[in-house]
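Colleague: I have some questions about the labels on this model. Can we take them one at a time?

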Amino acid sequence: MSDPATATKIALRSLARRWLALQAEIDDLDSHLAALVTAAAPDLVALPGVGVDTAGQLLVTAGDNPHRLHSEAAFARLCGVAPIPASSGRTDRHRVHRGGDRDANRALWRITLVRMRCHQPTKDYVTRRTAEGKTKTEIMRCLKRYIARETFHLLASPPLDQASLPGATATD
C-alpha cells in the first residue's frame, strides 16, 4: 500500500463508486420530480422550451397559492421581468426590473434561450425584431416578459383534478 500508484487507484475507485451511487440517487429523485411537476402542471411542461426543472422553479415561485398573484404583471414583477422605462432624451427604451426571484428569472432566461435556438416562431420573432434595430438584450427582455405572461395563465388556472369535480366518484 506504500506505492503511490496503488493508493491513487484505490482513491479513484472509491470516488467512482461514490459518483455512481450519487448519480443513481439523482436519477431517482429526478424521476420523482418529473412525476410531481407533470402532475401539478402538465400544460406548463408541454410548452416549448419548458423542462421539468424550469417548470418546477416557476411552480415554486408561484407558491402554494398562485391566486395571490392578482395579474400577470405582478407575476412578471415577481420573476424580475417587468419592464421599467429607461429612456433618456430622444431614446425610448425599457429595461427589466432587477428585483424579484432570481431563480425564476433564470428559469425564464433558460426557456428564452431554448426557444431562440429551437422554436421556429421565436426564431422568426428574433429575426423580425433584429431587422427593426432591437438588440439581443432588448429582444430577450421582450421574450422573457411574453413567456412570463404565457406561464402565468397556466399557473393561475391549474388543471382540474377529476376526483374534485362535482358528481365524480372514486372509481372515475
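What follows is a short exchange on how the labels were assigned.

Modeller: First, the ground rules. This is a predicted model, where local features need pLDDT of at least 70, side-chain atom pairs count only at pLDDT 80 or more, and totals for chains, interfaces and linings use all residues. Residues are numbered from 1 along each chain as its sequence is written, and side-chain values use heavy atoms, leaving out hydrogens and water.

Colleague: Why is R129 called buried?

Modeller: Buried means under 20% relative accessible area, exposed over 50%, and partly exposed in between (1.4 Å probe, protein chains only). R129 has 17% relative accessibility, so R129 counts as buried.

Colleague: What does R129 touch?

Modeller: Leaving aside residues up to four places away in sequence, R129 touches K134, I139 and C142. Contact means heavy atoms within 4.5 Å.

Colleague: Why is D27 called partly exposed?

Modeller: The value for D27 is 43% relative accessibility. Partly exposed is the class between buried and exposed, so D27 counts as partly exposed.

Colleague: And what makes L36 exposed?

Modeller: L36 has a relative accessible area of 61%. Exposed starts over 50%, so L36 is exposed.

Colleague: How far apart are the C-alpha atoms of L36 and V52?

Modeller: They are separated by 9.3 Å, with the two residues 16 apart along the chain.
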